[in-house]
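Please walk through this two-chain model with me, starting where the chains meet and then moving into each chain.

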Amino acid sequence: MVKKTTPTEKAARMLDLVPFISSHQGIATTELAAEFGISVEELLSDLNSLWMCGDNRFDLIDLQFESGYVTIRNAQTLNRIRSLSQQEIVAVLLGLDLIGKDLPEDREDLKGDIEDLRTKLGSEIARIVDASPAQDSQINSLISQALEGKRRLAITYYSPTDDQVSIREITPLQLTTSENRDFLIAFCESAGGQRTFRVDRIQSATLLESPASQIPTSSTDDIRTVATVKISENIRRCRESLGAFISGAGPTVQVSTYSDGWLSRTVMSAAGAMEVTSSAKIREGIAILAGKTLDLYR
Amino acid sequence: MSRKSERLVNLTIALLATKRWVTKSAIFTSVDGYEGEPEAMERMFERDKDDLRNLGIIIEVGSFDPLFEDEVGYRIRPESYQADLASITPRELSLISLATQAWQGAVLNSSALSALVKLKSLGIDSDFDSIPAMTPVAHISDENFAAVIDAIAERRVISFNYLNIDFASKSRVIEPYGAGTKGGFWYVAGQDLDKKALRLFRLDRFDSEVKTQGKAASYRIPEDFVMAQALSTPEKTQSAQVKVRRDKAHALRIRATTIEEGDEWTTLSIPYLHESELVSDVLWHGDDAFIISPDSARASAIKALTKIAHAHG
């Protein structure tokens with residue numbers, strides 16, 4: 001997990017340590033290491049190197065850290081906060097953008113702060129980056145609270161496959177990411193089993209006082225269907241609409257899914273660009289649905 | 001290996017502390033870490049300059065007397081080294097701190113962290129009580145994103161393979177202008193040098209690593225380029241009449257501009273941009289929805305349904 005630091009990266013960190021320690025004199029080495037996202041060993045190595053530096057060999061930086069707490073003297077030249085790099089500015093601005101677009105209506109004050117920060121950090125860069133959140137970051141925050149506090153959530157959830165908006169009581173179990181999207185695995189009280197929810201389809205959430213329920217260990221082993229789908233046009237779009245559930249590199253792909261309904265809707269909306277070649281059962285279902293839909297136009 | 005980092009720090013101190021130009025020979029005698037043959041020291045110094053430049057530390061070159069071609073000197077201007085962050089307030093610092101959390105586990109995490117450390121060096125308190133509980137997430141672990149950001153910063157042309165509409169991998173060469181996210185996808189906007197037009201590329205459709213080509217500062221980003229505009233959805237100027245079954249087709253209902261409830265069927269007006277997308281969205285709902293107008297969309301739906309029924313029958 002820990003990436004090997006290059007000498008240049010180490011030098012950069014040494015330069016950044018000086019102003020940080022100056023404004024946090026007496027900070028514990030453990031805390032300082034955590035702020036810089038490094039191990040205490042790495043920090044001590046940085047401090048030992050820094051201790052050898054200075055204007056010349058008779059005027060070195062005076063660093064004390066044997067006691068486990070760090071103080072610094074005689075580092076006037078380096079006691080400056082380095083300019084932010086473009087990548088650092090981009091990271092901050094995109095993060096601010098994600099927050100700004102999710103703030104409650106009545107927080108004009110914070111929206112103003114974010115506008116000011118865009119100018120202070122660099123309006124030239126602010127102009128060329130932009131982020132809109134895919135999901136409500138206040139809902140994310142509620143999910144984290146429920147997971148940490150082992151509490152239940154009441155959610156309003158929209159399922160395109162079932163074409164239904166439902167209100168459910170859930171016990172969040174785990175948050176996972178797939179294809180740049182968050183999925184919440186939870187025990188659903190309403191369904192009486194484990195379910196996976198796409199976080200961006202949770203329309204609202206409320207944290208409940210009632211604690212998480214005892215989850216029955218017998219999982220509701222969903223039965224996966226495996227189907228073969230042949231794509232005749234718009235290959236990229238069709239593959240993307242089949243999402244994470246496909247294997248096979250060319251126009252013929254295997255799709256494994258928990259829901260035949262989802263697959264037949266996806267094939268319908270491909271408007272003729274996809275054909276299910278197996279199983280016969282799914283083929284028949286799609287043929288009947290297409291026929292019934294066609295009748296509506298007669 | 002830490003000798004190298006120490007030398008870089010010492011070189012920075014020496015060039016930052018001086019108000020006058022420092023010559024190379026003065027650097028070699030006074031800065032700890034330069035040793036060996038003159039040519040070896042020269043090479044060392046050239047590499048060190050490059051490394052510092054990569055950290056964003058700009059070393060100026062000048063001479064004592066512009067009238068004479070004497071030995072050039074070097075220095076780092078404190079104004080260019082130092083960040084101008086004096087006016088950041090405690091509440092703003094809390095917002096920045098929250099913003100950097102978006103990158104946990106994502107590709108710019110180390111940049112977000114180092115930015116935060118620099119801002120915390122101001123020594124001002126944060127004011128977390130004044131901001132609401134939010135957990136922003138950036139969700140991009142694709143290393144290509146970091147490569148694109150660096151290329152934009154240096155104004156370098158990039159090339160990569162891109163999955164086109166037929167899922168064929170084609171080489172693209174662009175001058176990247178900007179980057180951003182919308183609807184859960186990440187995009188790069190840039191001037192496509194073959195197509196000679198501004199194009200938007202989705203990062204998850206990249207089929208290779210991003211490579212830079214040519215020199216830095218090889219193009220300019222137009223004054224009027226704004227990423228938010230590049231990502232904005234064009235206004236949906238057309239409208240379709242669609243009938244949906246009672247209590248069905250919620251995804252269509254929420255997009256409708258007018259809703260006329262009937263006994264069994266509800267009539268919706270749905271704004272749309274591309275007819276093919278409208279048809280797809282209506283077909284998703286199977287026999288719970290059908291198109292009344294425009295005629296062309298209705299005809300496309302009938303054609304598609306006939307094809308589906310035929311293929312699966």
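**Where the chains meet**

Nine salt bridges cross the interface of chain A and chain B. A salt bridge here is a side-chain nitrogen of Lys or Arg within 4 Å of a carboxyl oxygen of Asp or Glu. This is a predicted model: local features need pLDDT of at least 70, side-chain atom pairs count only at pLDDT 80 or more, and totals for chains, interfaces and linings use all residues. Residues are numbered from 1 along each chain as its sequence is written, chains are lettered from A and ligands numbered from 1 in the order in which they are written, and side-chain values use heavy atoms, with hydrogens and water left out.

One of the salt bridges links B:Arg202 to A:Glu240, with 3.5 Å between the closest N and O atoms. The side of chain A that touches chain B is made up of 50 nonpolar, 31 polar and 28 charged residues. In this scheme Ala, Val, Leu, Ile, Met, Phe, Trp, Tyr, Cys and Pro are nonpolar, Asp, Glu, Lys and Arg are charged, and the others, Gly among them, are polar.

How many residues does each chain bring to the contact? Chain A gives 109 residues and chain B gives 116 residues. Contact means heavy atoms within 4.5 Å. The two chains bury about 10000 Å² between them, and 62% of that lies on carbon and sulfur atoms. Buried area is the accessible area (1.4 Å probe) that two parts lose on being put together, summed over both.

Polar contacts join 47 residue pairs between chain A and chain B, both residues at pLDDT 80 or more. A polar contact is a pair of N or O atoms within 3.5 Å; within protein, one must be able to donate a hydrogen and the other to accept it, and residues adjacent in sequence count only if both atoms are side-chain atoms.

Over all chains, the salt bridge count is 42. Among them is the pair A:Glu88 and B:Lys118, at 2.8 Å from N to O. This pair crosses between chains, from helix H4 (residues 86-100) of chain A to helix H6 (residues 109-120) of chain B. Helices (H or I, at least four residues) and strands (E, at least two) are DSSP runs, numbered from the N terminus.

Strands cross the boundary too. Strand S4 (residues 129-131) of chain A runs parallel to strand S5 (residues 169-182) of chain B, joined by three bridges. Two strands pair if DSSP finds at least two bridges between them. Within this pairing, A:Ala131 has B:Thr181 as its bridge partner.

**Inside chain A**

An open antiparallel sheet of three strands has the order S1-S3-S2 in chain A. Strands S1 (27-28) and S2 (62-64) of chain A are at the edges with a single partner strand each, so one side of each has no neighbour in the sheet. S1(A) meets strand S3 (residues 69-73) over two bridges. There A:Ile27 stands opposite A:Val70.

Further along, strands S7 (residues 181-188) and S8 (residues 193-198) of chain A pair antiparallel over six bridges. A:Cys188 stands opposite A:Gly193. The hairpin has four residues between the strands, and A:Gly192 takes a positive phi near 70 degrees.

Now the backbone. Most peptide bonds are trans. The bond between A:Ser278 and A:Ser279 is cis, with omega about 10 degrees. A:Ser279 lies in the loop between strand S13 (274-278) and helix H9 (280-296) of chain A.

**Inside chain B**

Chain B is assigned domain 1 (2-81), domain 2 (90-130), domain 3 (143-231) and domain 4 (238-312). The C-alpha centres of domain 3 and domain 4 of chain B are separated by 36 Å.

Chain B also has a three-stranded open sheet, antiparallel, in the order S1-S3-S2. Its edges are strand S1 (22-23) and strand S2 (60-63) of chain B. S1(B) pairs with strand S3 (residues 72-75) over two bridges, and B:Val22 has B:Tyr74 as its partner.

B:Arg155, a residue other than glycine, has a positive phi near 55 degrees. B:Arg155 sits in the loop between helix H7 (143-154) and strand S4 (157-163) of chain B.

How values were computed:
Domains from an automatic or database assignment.
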